Amino acid sequence: MFTIALCDDNQSFLDQEYSIASDYLSSINIEHKIVTFKSGLDLIQVNNIDSYDLILLDYEMEGLNGFETAKIIKIKNNNACIAFVTVFFELAREGYKFDAIRYLVKQEASFNNELIDCINKAIQIKAIHERNIRTIEFIEETVTFDTDNIYYVQADKHYLKFYIIINNSVKCYKKRDKLSNIVKELEQTKSFAIIRTGLLINMRYIQSFDKNGVIRLVANDNKSNIFMLSDSNRERFITSYMQYLGR
C-alpha cells in the first residue's frame with residue numbers, strides 16, 4: 001500500500017492533485033490510499049501521520065505554512081518523503097532544508113508530469129526503506145527497525161551500542177559484535193561514516209560540521225550530540241559526506 005497526504009487550502013487544486021495521483025497509481029497497478037487536508041494544522045493533528053509515504057505541502061496556508069508544517073512532520077515521521085507545491089519558485093532552496101524530494105510549481109505546464117515524477121521518486125525511496133528493514137536480537141530485546149533510524153553506533157569493548165530512533169526518541173541497545181561487521185553490512189546505504197575509532201554515525205542526522213572537525217548530530221527528539229572528527233578519518237569522512245550530500 002502506497003499512501004499519500006495532500007495538503008492545500010485550495011480545494012480545486014487539491015482535487016486536481018488527487019486526480020493526477022490516483023489515476024497514475026491505478027494505471028501502474030499500485031494499491032494506494034490518498035488523504036487530503038485543507039491546512040497544515042489538520043495534517044499534523046492526525047494520529048497516523050507516520051503512516052504516509054509521500055506528503056505534498058502547499059507553502060502558503062493559514063495557521064502553519066508548508067515549511068512550518070514540514071518541520072513538525074519531520075519530528076513525527078522522519079521517513080516520509082516531503083514535496084512542496086506552491087507558486088513561489090524562489091523559495092525552493094529553503095524547502096530543501098527539509099530534505100524535500102521535489103519542489104513543484106503550480107503554474108508550470110509540466111506540473112502533471114512533475115507530480116508523477118515526484119510520486120515515482122517516493123515509490124523508489126519506499127522500496128529502499130523496505131530493503132533496509134532489519135531485525136536484531138539485542139541483549140535487551142529483539143528489535144525490528146529501518147537502518148535509516150540508526151543514529152550512531154559506538155564500540156564498547158567486545159560489544160556495540162546501537163543508538164536507534166524509536167518512536168521519535170533515541171534508545172540504546174547492546175549487542176556483542178565488531179564494528180567492522182556492521183560497517184560492511186551498512187556500506188551499501190552510503191549513509192554511514194566512521195568519524196573516529198569505534199564510532200560510526202548516520203550522516204542523515206548531521207546538523208552541522210565545521211572546519212575544526214566538530215560534528216553535531218540531531219535526532220528526531222531534537223536532542224543533539226557533538227562528536228570530534230579524528231584527523232586520521234578526516235579525508236575519508238569529507239569524501240563520504242560530500243558524496244552523501246550529492247546523491
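Trainee: Which residue in β9 is the bridge partner of Ala155?
Mentor: This is a predicted model with residues numbered from 1 along each chain as its sequence is written; local features need pLDDT of at least 70, side-chain atom pairs count only at pLDDT 80 or more, and totals for chains, interfaces and linings use all residues. Side-chain values use heavy atoms, with hydrogens and water left out. Strand β8 (residues 150–156) and strand β9 (residues 159–166) pair (at least two DSSP bridges) in the antiparallel sense over six bridges; strands are DSSP runs of E, at least two residues, and helices are runs of H or I, at least four, numbered from the N terminus. In β9, Ala155 is partnered by Leu160.

Trainee: Which strands stand at the edges of the open sheet?
Mentor: The open sheet has five strands in the order β10-β9-β8-β12-β11, with antiparallel pairing. Each edge strand has a single partner, so one side of it is left without a neighbour in the sheet. The edge strands are therefore β10 (169–176) and β11.

Trainee: Which strands does helix α7 touch?
Mentor: Helix α6 (residues 179–186) packs on the sheet and touches (heavy atoms within 4.5 Å) β8, β9, β11 and β12. Helix α7 (residues 231–245) also packs on the sheet, and its direction makes about 155° with that of β11; angles run from 0 to 180 degrees between N-to-C directions, and axes are lines fitted to C-alpha atoms, for helices over the stretch in contact. The strands touched by α7 are β11 and β12.

Trainee: Which residue in the turn between β11 and β12 has a positive phi?
Mentor: Strand β11 (residues 192–196) and strand β12 (residues 199–202) run antiparallel and are joined by four bridges, and Ala193 has Ile201 as its partner in β12. The two strands form a hairpin with two residues between them. The turn residue with a phi of about 80° is Gly198.

Trainee: How far apart are the axes of α1 and α5?
Mentor: Helix α1 (residues 11–27) packs against helix α5 (residues 111–131) at an angle of about 55°. The contact includes Phe13 and Ile20 of α1 and Leu115 and Ile119 of α5. The distance between the axes is 10 Å.

Trainee: With which residue does Asp8 form a salt bridge?
Mentor: Nine salt bridges (a side-chain nitrogen of Lys or Arg within 4 Å of a carboxyl oxygen of Asp or Glu) are found in the whole structure. In the one formed by Asp8, the closest N and O atoms are 2.9 Å apart. Asp8 lies in the loop between β1 (2–7) and α1 and its partner in the loop between β5 (102–105) and α5, so the pair ties together parts that are 98 residues apart in sequence. The partner is Lys106.
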